[in-house]
Amino acid sequence: MLEINNLHANIDGTPILKGISLRVSPGEVHAIMGPNGSGKSTLASVLAGRSEYTVTSGSVTFMGRDLLALPAEERARLGIFLGFQYPVEIPGVSIANFMKAAVAARRAAMGLPELTPAEFLKQMRAAAALVELDPKLIKRAVNEGFSGGEKKRNEIFQMAMLKPALSILDETDSGLDIDALRIVSQGVNQLRTPENASIVITHYQRLLDYIVPDVVHVLYAGRIVMSGGKELAKDLETKGYDWIIKSLN
Amino acid sequence: MSESRNEIIQESTSQPYKYGFVSALESDTLPKGLNEDIVRAISAKKQEPDFMLEFRLKAFRHWQTLAMPRWAHLTLPDIDFQDIIYYAAPKPRKTAKSMDEIDPELRRTFSRLGIPLEEQKRLAGVAVDAVMDSVSVKTTFRAELAKSGIIFCSFREAVREHPDLVRKYMGSVVPYSDNYFAALNSAVFSDGSFCYIPKGVRCPMELSTYFRINAAGTGQFERTLLVADEGSYVSYLEGCTAPQRDENQLHAAVVELVALSGAEIKYSTVQNWYPGDKDGKGGIFNFVTKRGDCRGDHSRISWTQVETGSAITWKYPSTILRGDYASSEFYSVALTNNFQQADTGTKMIHLGRHTSSRIVSKGISAGRSQNSYRGLVYVAPGAENARNHSQCDSLLIGDKCGAHTFPVMRVKNRTAVVEHEATTSKINEDQLFYCKQRGIGEEDAIGLIVNGYAREVLNNLPMEFAIEAQKLLQISLEGTVG
């Protein structure tokens, strides 16, 4: 589904990603861990198509397409979803209107007819229930005045609405208490199918107790320095990152 | 802002203006130029009573002593007032009594504008006065409104049929001597709408005037006079469009509202005059004087305006809060793109005790446009316990446009509470990226964000028009990102 090959990327001339290679197949959950500043969020942003980053070399193929040649909105329509670490507020734009535009764009790209208002409403209710999001919030402006937990639940709500092929969850656990973490993780787990895949970016092993990964990668200084099974996350929890960094030198 | 977007903005071409067509209508026009003979000729064409001619001549003589105001934050070209046609009327000139008498081309024009003149096709619950160039061509639902004693007709008919009312109220809110453009309008105005809501009557439908400039080389000078008698209520909407032409055309209107004790007037405008092309060629010069007088106690006037058109807008819908406990609101969205210039805002003049006003102004600048808010809040010495809250927000799209705010407060009474908030922001990259990451294209994303920003104002428009206005904002922004 996703094939990243020797990806290098800069921001303002500073290299951040220094040769990342990664293969994600349908049905898989990959966790990407690593200390602060290792390039985790940059990888998410580059895959989603944020224009501040410049890809200097390497390639990314997604569902047979050259992902790097596409603008952000077309990547999204192809089925790439980014769960933001810091979801943005859009004053005056209701979640319902926002999702209407997003779902319409995604469905049009998939060659599907527009949803009827009744069907759209039904799907919104179901998606809200999945992450225990107060249905009243759907009428409110996107993320405006939301608590940290509500913002993150809103991200997973949107993921449920858009049914992406690949979701990239960027530190979705940051700022969540244990109950919110459980709700968000359950939502993600229920959205898992054999056809879709996820990349879960996190600092802490804690999230991976809930969303169990197939593969864990350690990102350090812009490179994947180690990959392993879910037990690798446990090792990191007890031993930290130092032993890996030392073994590199 | 990324380099590529700057390029895109620079290369942007605006979408064709949807209402830029010209109708093939024969016009009855007076020769170009302005002098006493023209003023007399306009009055004669309308078979006006003497008091009207006198009003016009006084106004004209006063206008000759004035100079065009230059204090606004606008680059104003010199306007040659002798090179304008002051009267143009589609033929036939007689008022249509039935649909058969209206020129089919005229009917087609309004139908293309989404304003069918046939009552049965009209949006349910909206009565329309359609004004083309210098005259009103049709007022719908008059008979039905007359049942509740409501008078809704063209200004020239009001002059003939209700001279006492016209004489009593015309010029009582905006005197002919008020300013340069008001004086000009008072001298040469050719038609407009008149509305009177009797005591205690709640007008059962939205009233609206649709202004259309068609003939070339003409100016449009219309007057609206709206009187809400004690305890009455009316909601009024005006819309405007004009053909796409390379030369500039002048529009100088006067709107007077009078709210007597306990009356409420809700006045909404969706202004979409031709704004000129992407290089700033052509477009309407819009110099308008709008003022309401909350003459009675507990009266209320609410202005809502969505301004997307005109090459130049100079307009300050204002309210005189004369009665005790009178209140007024001004909600405005002014969007400028390409080379448009807008200097717009409001004046809230607190004279009565316990009067309150609220100002919500949302400016949106794109392209190379300049957008200014200009406001005055005045609290007179006798206006005990007056309150005002002003909120002026500016939103910038791109880095070639300008947003300016000129708020003035003059408070002469110590019991007043006057608050002012202002913000200036740019559509930020994070919001745009968030939308794009959900599959929403850049142009739609900007439309969504701008509509969200203007939401508080749009919510004040009657439902059908709120939807229209929302589309209009979206259309007017097309081309800002290529």
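This report covers selected helices and helix pairs in a predicted model.

## Basis

The model is predicted, with local features requiring pLDDT of at least 70 and side-chain atom pairs counting only at pLDDT 80 or more, while totals for chains, interfaces and linings use all residues. Residues are numbered from 1 along each chain as its sequence is written, chains are lettered from A and ligands numbered from 1 in the order in which they are written, and side-chain values use heavy atoms, without hydrogens and water.

## Chain B overall

Chain B holds 12 helices and 23 strands (DSSP runs, H or I of at least four residues for helices and E of at least two for strands, numbered from the N terminus). Of its 482 residues, 64% are buried (under 20% relative accessible area, with a 1.4 Å probe and protein chains only). Among the contacts in chain B with a separation of 6 or more, 82% join residues 24 or more positions apart (contact means heavy atoms within 4.5 Å).

## Helices α3 and α8 of chain B

Helix α3 (residues 50-64) and helix α8 (residues 180-188) of chain B have axes that come within 7 Å and cross at roughly 145° (axes are lines fitted to C-alpha atoms over the stretch in contact, with angles from 0 to 180 degrees between N-to-C directions). The crossing of α3(B) and α8(B) is left-handed (the near helix is turned anticlockwise from the far one by less than a right angle; clockwise is right-handed).

On the α3(B) side the contact includes Phe55(B), Phe60(B) and Trp63(B), and on the α8(B) side Tyr180(B), Leu184(B) and Val188(B) are among the residues involved. The contact residues divide into 9 nonpolar, 2 polar and 1 charged (nonpolar: Ala, Val, Leu, Ile, Met, Phe, Trp, Tyr, Cys and Pro; charged: Asp, Glu, Lys and Arg; polar: the others, Gly among them).

## Helices α9 and α10 of chain B

The axes of α9 (residues 429-437) and α10 (residues 442-453) of chain B come within 9 Å and cross at roughly 120°. The crossing is right-handed. Gln431(B), Leu432(B), Cys435(B) and Lys436(B) of α9(B) meet Glu442(B), Ala445(B), Ile446(B) and Ile449(B) of α10(B).

α10(B) is largely enclosed by the rest of the structure, because 10 of its 12 residues are buried. The buried residues include Glu442(B), Asn451(B) and Tyr453(B).

## Helix α3 of chain A

Helix α3 (residues 95-109) of chain A has 15 residues and spans 21 Å between its first and last C-alpha, close to the 21 Å expected at 1.5 Å a residue (1.5 Å times one less than the number of residues). Its buried residues include Phe98(A), Met99(A), Arg106(A) and Arg107(A). Gly111(A), with a positive phi near 75°, follows α3(A).

Definitions and conventions
Buried < 20%, exposed > 50% of the residue type's maximum accessible area, 1.4 Å probe, protein only.
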